[in-house]
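Have the structure open as you read.

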Amino acid sequence: MDNRKPCKKSSRRWWKDAVVYQVYPASFKDSDGDGLGDIDGITSKLDYLQELGVNVVWLSPIYKSPQEDMGYDISDYYDIHPPFGTIDSVNRFIAELEHRGMKLVMDLVVNHTSTQHTWFVESALSKENPRRHWYLWRPPISQSAWTYHSATNEYYLSLFSPHQADLNWENASVRDAVHQVARFWLDKGVSGFRMDVINLIAKDQRFPDAEVVHPGQQYQPGDQYFANGARLAEYLLELRREVLSKYGILTVGGMPFLDDEEKRLEIVRAEEGCLDMIFTFKMMGLDMVPEEGRFSFKPWCVGNMEKVLGRSQSMTTKMGWPSLFCENHDQPRSVSRWCDDSDAHRVAGSKLLCLMQATLTGTLYVYQGEELGMRNVPASWGPEEYKDIESINYWKWVCSKWSPGSAEMNKAKDLLRRKARDNARTPFQWEATANGGLCPAGVTPWMRVNDDYPIVNAAAQVAMGKANERTALVSPYRFWQRALEIRKQHADLFVYGDFELIESMHPAVLAFKKSCESTSDVSITVLNYSGEEAEFAIPKDCPVHSWVMGSYDSLSTGKPKEGRIQLLPWEGLVGCCTVAT
């Protein structure tokens, strides 16, 4: 381990330096020819991930599940969804990871279970059943988040769908059961958990009606009552104390609706917090109309992105720790969302996003296919191609309101293409052969492969030179590989360094400086978030002595090192600097 003093007096932890790669199992690699990805398929591609620079693999849920919500409706925490494999498959996977010096992080989904879980089946048998109070039952109630159960004439809380019943964390037996689940997987060699919507486990037990803040809408936002409840820190500290603290693992919480900075810091405060870090979704809301939810769009600006990054990066000065991501299984493809995914600009945009993430302070999370610049599904796809329950329900609602061909329906179709979670769940594009290499020719994949797989695929990009070769054109995969290598080599600066925004006179340019007092290293990152050329003035007190990487490869790294420079469309640059004395 490097014993140099990191910046900001931040103690080193293995999970801070980690590059975490999220795998969506159904879409990654099929090993048995059934059209669905599986654990053995993921195992077969570990060399690809290791070569990229990944040292932690995070799996979306692989537990036994009826798959009403792609595995987030778990029916058995101790078994594996049969098409994905078996417990032995997981054991082999962990062994192969360890052989490569890599680690496994799994999803811990414990706000709710499937209604097919034995806990819920027993809970629903009668009001007197010992497990009745493992879930949240109430007499007839008119709120939208409750599902009626005719056999006992009561409603159970189901925030996500009628197939997913919320657990009652007020019940100590539920908390003990969750502790046992976590302990089971940690004893198997798992090195951490991403905890799905973990801030929803603590709810206002009065379950009042939400206030009317959007008149005219049938349902009102009620997150102030079902998220971030008074006992949240208590529950998480208990889990840490009883289980997690004994294993030296990574913990990251998926926490929507958590905007209060003090509450965020209560959860992640260094050495004392409940979790190591959390995923917040401020950036994901930049292009969303809050009262309209996921399937909405509004123009965003770099100024707003600067505020989000500034707030996130400031966590390290307050003894928290940031998580860095632009994509995950619930978000559209980042190059389609924040850049221009056309054939002319997709590569430059994907490299720009790489440079932004690779030079920020925090733990870096890369989503499968992000390293290839995979993009959203094409506009030509019909709604029938979408598989996600959220997309299906949205389109049913659209069809109930508007007629085919109407302006409203066409707008809704465009929003579906822009924002659907399906965009991140199309099969990984391994090669230019049938089905993009997910499964053999003649087999129908579980979901349609994006039409661009003959051009955008891993085989073609891996073949485009090695990370240490100075070539005129570098593929997104090789670019990510080089960026991760540089991040690792200069961890004091890029993983732990101090962050400072640089004022730019151009509204589309985002620029920031990184510095580390202990090493005297300084860098600047300059990002042109537009399809037009933009001018940027290199700060006089931070002269560049070399451009290390840029979206246009050798064309970028040959730019002037002082004065004003012209940025090409979607160009990102990282420069090494000296500080004027």
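## Strand E5 and its partners

In what sense do E5 and strand E11 (residues 192-195) pair, and over how many bridges? E5 and E11 pair in the parallel sense, over three bridges; strands here are DSSP runs of E, at least two residues long, numbered from the N terminus, and two strands pair if DSSP finds at least two bridges between them. Met106 has Phe193 in E11 as its bridge partner.

This is a predicted model, where local features need pLDDT of at least 70, side-chain atom pairs count only at pLDDT 80 or more, and totals for chains, interfaces and linings use all residues. Residues are numbered from 1 along each chain as its sequence is written, and side-chain values use heavy atoms, leaving out hydrogens and water.

E5 itself covers residues 103-108, and five of its six residues are buried, so the rest of the structure largely encloses it. Buried means under 20% relative accessible area (1.4 Å probe, protein chains only). Strand E2 (residues 56-59) also pairs with E5, parallel and over four bridges, with Trp58 bridging to Val105 in E5.

## Strand E1

E2 pairs with E1 as well, again in the parallel sense over four bridges; Tyr21 has Val57 in E2 as its bridge partner. Four bridges also join E1 to the parallel strand E15 (residues 363-367), where Val20 partners Tyr365.

How is E1 covered on its faces? Val19, Tyr21 and Val23 are buried on one side, and Val20 and Gln22 are buried on the other. In a regular strand, side chains alternate between the two faces of the sheet.

Definitions and conventions: Buried means under 20% relative accessible area, exposed over 50%, partly exposed in between (1.4 Å probe, protein chains only).
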